[in-house]
Amino acid sequence: MNRNLPRRRFLQAAVALPASGLLSSAAADAEAGKRQVDQAVVDFFGADRRVRSGRVTVSVPAISENGYSVPLSVAVDSPMTAEDFVRRILVVSQSNPLPIIASFELGPRAGLAKMSTRIRLADSQRIYAIAEMHDGELWSGYGHSIVTLAACVI
Amino acid sequence: MNEQPTIRLAVPQGVLAGEVIEIKVMIQHPMESGYRRGTLGERIPRNIIKFFRCSQEGETIFEAEFHPGVAANPLLTFHMLAERSGILDFEWTDQTGLRWSKQAELSVT
């Protein structure tokens, strides 16, 4: 057992070294992605809207082998009654050339605030969904997908 | 593009009043993003479907707006509260205003 310890330390160090470099560039990407998402929210819902995180579930595969067609599912926690329902949902990408992917408009007749479609992803990224409730509250959630073959933009 | 693209609808049959049903729709369309280039390096112009609407006798149930980030042959799954029988209208409009539609009968018991 003891003989394995240096080997384990070496492996840990080997994994940690490149990871630290990756993390800093990933953090910069995340910052740019955050700005892109924030801007899309302002464009779509208007300025000075408070977005809270929660109540929205975004499901995308953890690994997408083909960025041309990635199954996306959005569900919002809402009773969907005439008094309490989801009005609009915006799907935004962190690093596609066009941030807004799709938007959905529903009302009490939708019965359940759950929908799915297939989207394109130009890169590994987070996909955000922001839901506007009947009273104007905004809630958001995201899913992350690693894309092995990106949807080409050239 | 085809005069009449293939449209597939999946609407459950024999549903009870008050039941929430799942509807699936798909339309055949390239959803050309406008970012791709052809073999000669020329930009392939954008050609996408912009709007989808599902309604029952004029009452909107679900609407979607598409952007180039939606994959080709857009597939949509959504839900609906089945209150009464009637005809469901499904309508797609592309960026030039061209429309395609298909109807399905919803029978609620």
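Student: Which residue in β8(A) does Ile89(A) stand opposite?
Tutor: This is a predicted model. In it, strand β5 of chain A, residues 86-93, pairs with strand β8 of chain A, residues 125-133, in the antiparallel sense over seven bridges. Within β8(A), the residue opposite Ile89(A) is Ala131(A).

Student: How many of the eight residues of strand β5 of chain A are buried?
Tutor: A residue is buried if 20 or more other C-beta atoms lie within 10 Å of its own. By that cut-off, β5 of chain A is mostly covered, and its buried residues number six.

Student: How many residues does the largest nonpolar core have?
Tutor: Val86(A), Ile89(A), Val91(A) and Val92(A) are among the residues with the most contacts inside this core. Ala110(A), Ala129(A) and Ala131(A) also belong to that group. The core as a whole has 56 residues.

Student: Leaving aside neighbours within four places in sequence, with which residues is Ala129(A) in contact?
Tutor: The contacts of Ala129(A) include Ile89(A), Leu90(A) and Val91(A). They also include Ser140(A) and Gly141(A).

Student: How many residues lie between β5(A) and β6(A) in their hairpin?
Tutor: Strand β6 of chain A, residues 100-106, runs antiparallel to β5(A), and five bridges join them. Across this pairing, Leu90(A) stands opposite Ser103(A). The number of residues between the two strands of the hairpin is six.

Student: What is the bridge partner of Phe104(A) in β4(B)?
Tutor: Strand β6(A) is also joined to β4(B), by five bridges, and these strands run antiparallel. In β4(B), the partner of Phe104(A) is Ala64(B).

Student: How many nonpolar residues are in the side of chain B that touches chain A?
Tutor: The contact takes 27 residues from chain A and 24 residues from chain B. On the chain B side, β4 (59-66) and β5 (75-82) are the elements that give two or more residues. That side holds five charged and four polar residues, and its nonpolar residues number 15.

Student: Which residues does Gly14(B) touch, not counting residues up to four places away in sequence?
Tutor: Ile49(B) is 35 residues from Gly14(B) along the chain, and their C-alpha atoms are separated by 31 Å. The residues that Gly14(B) touches are Ser107(B) and Thr109(B).

Note on methods. Residues are numbered from 1 along each chain as its sequence is written. Chains are lettered from A and ligands numbered from 1 in the order in which they are written. This is a predicted model: local features need pLDDT of at least 70, side-chain atom pairs count only at pLDDT 80 or more; totals for chains, interfaces and linings use all residues. Two residues are in contact if their C-beta atoms, placed from the backbone, lie within 7 Å. A residue is buried if 20 or more other C-beta atoms lie within 10 Å of its own, exposed if 12 or fewer, and partly exposed in between; C-beta atoms are placed from the backbone. Helices (H or I, at least four residues) and strands (E, at least two) are DSSP runs, numbered from the N terminus. Two strands pair if DSSP finds at least two bridges between them. A nonpolar core is a set of buried Ala, Val, Leu, Ile, Met, Phe, Trp, Tyr and Cys residues joined through C-beta atoms within 7 Å. Ala, Val, Leu, Ile, Met, Phe, Trp, Tyr, Cys and Pro count as nonpolar, Asp, Glu, Lys and Arg as charged, and the others, Gly among them, as polar.
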